[in-house]
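Open the model in your viewer and keep the selection tool ready. Each stop below says what to select and what is there.

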Amino acid sequence: VWTGNFLDFRDLKAEAFRRFGKGVQRRPDVEKYHWMDKGADRMLAYDFDTDMGFLWMRSQVLHEKVKAIYPE
């Protein structure tokens with residue numbers, strides 16, 4: 001999910017926090033959060049230079065199936 005401005009990112013962040021909890025923010029000065037659990041990995045990030053944000057999600061089960069078909 002992509003956002004094209006900070007206000008939309010703020011709404012996306014609020015919804016992500018509501019659904020997944022606060023997440024892990026490694027640097028307090030960077031709008032980047034991670035969630036990792038048994039079934040999925042998620043990352044929410046915002047770039048002030050481009051004024052764009054995104055929420056990325058990956059199913060661990062599906063990722064393992066893809067890796068088995070297309071090894072590195």
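Select Phe-6, Phe-9, Tyr-46 and Phe-48: these residues form one aromatic cluster. The structure is a predicted model, and a search through the whole of it finds 9 aromatic pairs.

Keep Phe-6 and Tyr-46 on screen. Their rings form an edge-to-face pair, 5.0 Å centre to centre, with 75 degrees between the planes. An aromatic pair counts as edge-to-face when its planes are over 60 degrees apart. Phe-6 belongs to helix α1 (residues 6-20) and Tyr-46 to strand β3 (residues 40-47), so the pair ties together parts that are 40 residues apart in sequence.

Now colour by accessibility. Are Phe-6 and Tyr-46 buried, partly exposed or exposed? Phe-6 is partly exposed, at a relative accessible area of 31%. Tyr-46 has a relative accessible area of 9% and is buried, because buried means under 20%.

For stacking, the planes must be under 30 degrees apart. Phe-48 sits in the loop between β3 and β4 (52-59) while Phe-6 is in helix α1, so this pair ties together parts 42 residues apart in sequence. Phe-48 counts as exposed, with 54% relative accessibility.

Move on to Phe-20 and Arg-42. Where does Arg-42 lie relative to the ring of Phe-20? Arg-42 is over the face of Phe-20, at 4.2 Å from the ring centre.

Select Asp-41 next, which is in strand β3. Asp-41 has a relative accessible area of 8%, so this residue is buried. Which side chains does the side chain of Asp-41 contact? One is the side chain of Arg-58, joined to that of Asp-41 by a polar contact of 2.7 Å. Another is the side chain of Gln-60, where the polar contact with the Asp-41 side chain is 2.8 Å.

Pick out Ile-69, which is found in helix α2 (residues 60-69). Ile-69 is exposed, with a relative accessible area of 58%, whereas Asp-41 from the previous stop is buried.

Note on methods: Residues are numbered from 1 along each chain as its sequence is written. This is a predicted model: local features need pLDDT of at least 70, side-chain atom pairs count only at pLDDT 80 or more; totals for chains, interfaces and linings use all residues. Side-chain values use heavy atoms; hydrogens and water are left out. Rings of Phe, Tyr and Trp (its six-membered ring) pair if their centres lie within 6.5 Å; planes under 30 degrees apart count as stacked, over 60 as edge-to-face and the rest as tilted. Helices (H or I, at least four residues) and strands (E, at least two) are DSSP runs, numbered from the N terminus. Buried means under 20% relative accessible area, exposed over 50%, partly exposed in between (1.4 Å probe, protein chains only). A charge sits over a ring if NZ of Lys or CZ of Arg is within 6 Å of the ring centre and within 35 degrees of the ring normal. A polar contact is a pair of N or O atoms within 3.5 Å; within protein, one must be able to donate a hydrogen and the other to accept it, and residues adjacent in sequence count only if both atoms are side-chain atoms.
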